[in-house]
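Have the model open alongside.

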Amino acid sequence: MSSTTIGGRPPSCHRMLTTGMIYVLRTGCAWRAVPPDFGPWETVYSRWRLWCSKGVWEKILK
């Protein structure tokens, strides 16, 4: 059996998504204006929301 995953979306790079979040915070741009180099804006935003709801940012700031 092959270890290749078939179907679904490709995995996202956490570093690039985090950089996209920081880009929005630093520039004040809209989520939809995130450059595609950071991944789809929808993915960056949904990860932001997930991390906020799980308290990840509070843990990082400690």
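In this predicted model, the axes of helix 1 (residues 14–27) and helix 2 (residues 41–53) cross at roughly 85 degrees and come within 9 Å. Axes here are lines fitted to C-alpha atoms over the stretch in contact, with angles from 0 to 180 degrees between N-to-C directions. So helix 1 is roughly perpendicular to helix 2 (that label covers 65 to 115 degrees).

Who makes the contact (heavy atoms within 4.5 Å)?

| Helix | Contact residues |
|---|---|
| helix 1 | His14, Leu17, Thr18, Gly20, Met21, Leu25 |
| helix 2 | Thr43, Val44, Arg47, Trp48, Trp51 |

By type, that's six nonpolar, four polar and one charged, where Asp, Glu, Lys and Arg count as charged, Ala, Val, Leu, Ile, Met, Phe, Trp, Tyr, Cys and Pro as nonpolar, and the others, Gly among them, as polar.

Now for Arg47, which sits in helix 2. Arg47 is buried yet has no salt bridge; buried means under 20% relative accessible area with a 1.4 Å probe, and a salt bridge needs a Lys or Arg side-chain nitrogen within 4 Å of an Asp or Glu carboxyl oxygen. The nearest side chain of opposite charge, Glu42, is 12 Å away. Leaving out residues up to four places away in sequence, Arg47 touches Ser12, His14, Leu17 and Met21.

Zooming out, the chain has three helices and zero strands (DSSP runs of H or I, at least four residues, and of E, at least two). Of its 62 residues, 26% are buried.

Housekeeping: residues are numbered from 1 along each chain as its sequence is written, and side-chain values use heavy atoms, without hydrogens or water. Local features need pLDDT of at least 70 and side-chain atom pairs 80 or more, while totals for chains, interfaces and linings use all residues.

How values were computed:
Angles under 35 degrees count as roughly parallel, over 145 as roughly antiparallel, 65 to 115 as roughly perpendicular and the rest as oblique. Contact means heavy atoms within 4.5 Å. Buried means under 20% relative accessible area, exposed over 50%, partly exposed in between (1.4 Å probe, protein chains only). Lys and Arg count as positive and Asp and Glu as negative; His and the chain ends are not counted.
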